[in-house]
Every structure is written in C-alpha cells, then in structure tokens.
Amino acid sequence: DFSYNLTTITSSDYPDIPLAQLKSVAIGTTVTDLSNSVFQNATSLTTVTFEAGSTLTTIGNNAFYQSGLTSIEIPNSVTTIGLNIFRLATSLRTVTFEAGSKLTTLQNAAFRQTGLTSIIIPKSVTRIGNYTFENTTSLTSVTFEADSSLNSIGNSAFYNATLLTSIEIPNTVTSIGTWAFSQTSDLSSVTFEAGSTLISIGEYAFYRSALASIEIPNTVTSIGDSTFEITKSLTTFTFEANSSLPSIGIAAFR
C-alpha cells in the first residue's frame with residue numbers, strides 16, 4: 001500500500017516482496033511518478049488503484065510490461081505514459097481515463113500485444129505513437145472523445161488489430177503512418193469526421209484490410225505506395241469534391 005508520503009515509486013520501494021508475487025497496489029495522492037519498469041513482469045499483479053485526488057503525472061517506460069493487470073483507470077493528472085507501458089499484459093481488457101484527462105501522447109507500443117478489447121481515447125491526446133495497438137487482436141472498438149486534438153496516427157499503430165471493424169478518424173488528424181491499419185482483416189469501415197484536415201496517408205496504410213469503400217478528404221495531397229494493396233473487398237473509392245491530390249503512389253490499388 002503506497003499511500004504514505006512518497007513522490008516516486010521504484011521497484012526498490014518493495015525489496016522484500018518477490019515481484020512475481022505482488023498481487024495488488026494502492027497508490028496514494030502524493031505520488032507523482034511511477035518509474036521505468038516499476039512493475040515490469042509482475043505477473044500476479046491484477047489490481048492497481050489510485051487514491052482520489054491523485055497527483056500522478058508520469059508513468060515510465062515498461063511500467064506494467066508483461067504484468068498480470070486486468071484493468072486500470074489512469075488519473076486525469078497524468079500527462080505522460082512511457083514506451084511499452086502495457087506491452088504483453090495479455091490479461092489487460094480495460095483501460096479507462098479519468099474524466100478531464102490531460103494525457104497528450106499514447107507512446108510507441110503502449111498497448112502492443114495486450115488483451116485490450118476497447119478504448120476511449122481522451123480529447124487531450126495529440127499523437128498515437130508507432131505500434132501502439134499492434135497485434136492487439138482482441139480490440140474491437142476505438143472511440144475518440146468529442147473535440148479530439150489528435151494530430152497523427154503512427155506507423156503500424158493498429159497493425160494486425162484483427163477484430164477492429166470500424167473507426168472514425170477525427171478531423172484534426174493530418175497524417176496516417178505507414179502500415180497504420182495493415183492486416184486489419186475485419187476493418188470494413190474507415191470514415192473521416194467532417195472538416196477533415198488529413199494531408200498524407202502512408203505506404204501500406206490499409207494493406208490487406210477489409211475495407212469495402214472509402215472517401216478520401218479533399219485535403220489529402222499524398223497517398224503512398226501500396227496503400228490499399230491486396231484490399232480485396234474494396235469496391236468503391238471516391239474523392240471528396242475539390243480534391244487537391246496530385247498523384248497516387250505505386251501499386252496503391254494493386
């Protein structure tokens with residue numbers, strides 16, 4: 001129980017507890033930082049709670065990597081979560097963000113190879129990093145809070161998210177990275193919020209997806225090579241009126 005007067009928690013704060021036997025942690029309001037790898041490989045750790053009024057701002061790289069977590073609510077005071085934070089936490093089904101979240105970035109590989117089934121991404125998030133949801137094969141639903149600030153979706157962000165069926169991309173997004181939605185074998189619907197400012201769609205972005213149709217916003221100026229290659233269900237491809245697209249990449253519709 002870390003409810004005493006700590007500001008930073010590291011693995012050295014519980015030296016007498018074998019990490020693999022740690023089952024639950026309650027974190028007090030004074031804690032502002034969970035250090036890198038603090039609960040990495042805590043395979044029996046299923047429950048982490050934060051006291052009401054938490055002042056936590058940072059959760060470090062690999063903090064819950066390959067842990068036994070099943071769910072977690074991240075305090076609204078958190079602005080930064082690290083690389084690989086929940087990677088290989090295969091029992092993790094639910095991650096929620098407290099109302100009023102200040103989180104700005106979902107870092108690279110944050111939910112890679114987890115058991116996550118759905119997520120609502122706070123409007124404060126401006127970037128989804130590379131590999132963030134790669135191989136998250138239980139993920140069925142991704143929702144963005146209204147008035148999203150999201151600017152970019154990273155490379156391979158949803159690669160092989162095989163149960164994801166649809167997604168609406170906020171109008172603030174200007175770039176979709178390479179391989180972003182590749183190998184999404186159930187992804188049949190991708191729509192863009194009205195007023196989209198999308199500029200670029202990266203190479204292989206929808207390679208081997210299940211898209212049946214898509215309308216490209218008129219702000220797009222770049223569609224990369226092989227973007228829709230082997231998307232065998234794609235029957236309708238349209239451009240929004242007044243499209244400014246000057247060229248289409250090699251093998252884009254192969």
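Hi everyone, let's start with a question: is Phe181 buried or exposed? Phe181 has 0% relative accessibility, so this residue counts as buried; buried means under 20% relative accessible area, exposed over 50%, and partly exposed in between, using a 1.4 Å probe and protein chains only.

A quick word on the model. It is predicted, so local features need pLDDT of at least 70 and side-chain atom pairs count only at pLDDT 80 or more, while totals for chains, interfaces and linings use all residues. Residues are numbered from 1 along each chain as its sequence is written, and side-chain values use heavy atoms, leaving out hydrogens and water.

Now, back to our phenylalanine. Among the residues that Phe181 touches, leaving out those up to four places away in sequence, are Phe158, Leu187 and Phe206; contact means heavy atoms within 4.5 Å.

Let's look at the rings. Searching the whole structure gives 16 aromatic pairs. Rings of Phe, Tyr and Trp (its six-membered ring) pair if their centres lie within 6.5 Å, with planes under 30 degrees apart called stacked, over 60 edge-to-face, and the rest tilted. Take Trp179 and Tyr204: their ring centres are 4.2 Å apart and their planes at 0°, so they are stacked. Trp179 is partly exposed at 29% relative accessible area, and Tyr204 is partly exposed too, at 24%.

Phe181 has a stacked partner as well: its ring and that of Phe206 have centres 5.4 Å apart and planes at 0°. Phe206 is buried, with 0% relative accessibility. Finally, ring pairs link a cluster of phenylalanines, including Phe39, Phe181, Phe206 and Phe253.
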